[in-house]
Amino acid sequence: MNFVYKFPLKMHVGAACKPIVNIDDIVKRGQCIAIPEGLGAKIHTSVSGLVTKVDGTCIIIRADETQSEDYIKIKDCDSIKDICFEAGIVGAGGAGFPTHVKLAKDIENGYIIANCVECEPILSHNISFIEQNPEVVLNGIKYAMEAVKASNGVIAIKEKNAKAITCLEKVIQNYKNITIKKLPDIYPMGEERAIIHSIFDKWLEPTQLPIEANCIILNAETLVNIVRAVEDKKPVIDKDITVGGKLQNGNKQNVFFQVPIGTPIKQMIDKCGGIDGEYGEVLIGGPYTGSAGNIENDVVTKTSGGIIVTIPFPRFEDKVGLLVCACGANENRLRDIANKMGSEVVEVLPCKNIEVIRGANKCKTPGNCPGQAAVALKFKKAGAKRLIISNCSDCSNTVMNSAPKLGLGVYHHTDHVFRTVDHELTRRL
Ligand code: SF4
């Protein structure tokens, strides 16, 4: 058993938290160990034990040999918003935005949208949870609606998840004003503005947030964490996660519910029998938005969605161009992949649907491609022999309609991940 748990002080959008424990303190599971200074969320220990390290980046706790599932409960609060703050709830789908801030403003006649899209292929813990506990997600929507006085709830879920939809439909009549919106299986269907477009047939501007459409979007696991905090006074100390890829127990997904935060990712891989021979990288997150992790140092955090061990990268010791998407891998991730393939990067171009807003790439209409022929031509002129792209399903389709005609090969940044698990590649729709 592992006895060392690491708690990064930044598992959320905002600034790193301030530790409120010291080396040699004895702590109990559920105890708050760090508090936000400004935008952020409280951090609680998932294990009982001894604090062995505190610095500006993390707190390390040596866990007692015997652990209990019990925990120190959060204090009584007057509102659901305060409960979310005390419990340290953040967007569990990967974004990590503090939930108490998302719920800060009332949206009378507005919508709570449950993001049950689980947009990243391979990751499957959200859908598995919904299949087993549909009423918990619905209760989460009910509490979130109550918190901001929203009058409507919508569950956004991919149509392909028929079993989860059936489970929800069996209990949804017990809840007032909550409906289900079925979505197609394309990437990035789970992007917030793509969800709003699907429900209301209206695109928000890249500068606009869902609140401007009178909507608040919360991931399925985030809603479940609200239920646990409201009903059981439980802080966020455990995380659901999918582990998959090149593993000794096969290349199918392994879903783990309620893994203590701070658990080393190596321990999760070992639970699946360990890595099966040579591998390319350990991806933290999903195939589209995940990044290469460090098997020796990384731990499960409040936002970890997946741990995927991939096959080795193919070699391509020639010139490549990088086509960057706002909703998939960024330039750094594409450079990382080019480097691992032994390629020389001769050009980097953004998808033409990108607008740079406050220094960040934003897509005008996520998943709705403007055409990529002109971009392919620019890469050709720069001397690229192959493109490494991170585009959405729709744009990958249009890249495939233009680049090969110019003699350019195409490698989608998810290719090695999908080949690992025998998943269809992102190419033509
Ligand atoms: S249109 Fe472009 S930026 Fe937008 S999701 Fe597709 S590839 Fe990404």
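Threonine 263 sits in the loop between β13 (254–260) and α8 (265–271). Helices (H or I, at least four residues) and strands (E, at least two) are DSSP runs, numbered from the N terminus. Threonine 263 is buried, with a relative accessible area of 2%. Here, buried means under 20% relative accessible area, exposed means over 50%, and partly exposed is in between (1.4 Å probe, protein chains only). Glycine 38 is 225 residues away from threonine 263 along the chain, and their C-alpha atoms are separated by 27 Å.

Before we go on, a word about the model. It's a predicted one, where local features need pLDDT of at least 70 and side-chain atom pairs count only at pLDDT 80 or more, while totals for chains, interfaces and linings use all residues. Residues are numbered from 1 along each chain as its sequence is written, and side-chain values use heavy atoms, with hydrogens and water left out.

Most residues other than glycine have a negative phi, and most peptide bonds are trans.

You'll find proline 188 in the loop between β10 (178–183) and α6 (192–200).

**A hairpin and a sheet**

Strands of a sheet pair through backbone hydrogen bonds, either parallel or antiparallel. For two strands to pair, DSSP has to find at least two bridges between them. Strand β19 (residues 354–357) and strand β20 (residues 360–363) run antiparallel and are joined by four bridges. Glutamate 355, for instance, has lysine 362 in β20 as its bridge partner. Together β19 and β20 make a hairpin with two residues between them, and arginine 358 is in that turn.

Elsewhere, three strands make an open sheet in the order β2-β4-β5, with antiparallel pairing. The edges are β2 (18–19) and β5 (43–44), each with a single partner strand, so one side of each has no neighbour in the sheet. Strand β4 (residues 32–35) is joined to β5 by two bridges, and cysteine 32 has histidine 44 in β5 as its bridge partner.

**The ligand and a pocket**

Where does the ligand sit? The space it takes is the largest cavity. To find such spaces, a 1 Å grid is laid over the protein atoms alone: a cavity is a set of points where a 1.4 Å probe fits but cannot get out, and a pocket is an open set with protein on both sides within 12 Å along at least five of seven lines; lining residues have an atom within 4 Å of a point. A molecule sits in one if more than half of its atoms lie within 2 Å of its grid points.

The residues around the ligand include Cys325, Cys327, Cys351, Asn353, Ile354 and Cys363; such a residue has a heavy atom within 4 Å of the molecule. This shell divides into nine nonpolar, three polar and no charged residues. Ala, Val, Leu, Ile, Met, Phe, Trp, Tyr, Cys and Pro count as nonpolar, Asp, Glu, Lys and Arg as charged, and the others, Gly among them, as polar.

The second largest pocket has a volume of about 310 Å³. Of its 17 lining residues, the closest to its centre are Asp185, Tyr288, Ser393, His423 and Glu424. Its lining divides into eight nonpolar, three polar and six charged residues. That volume is the space filled by probe spheres set on the grid points, which are joined across faces, edges and corners.
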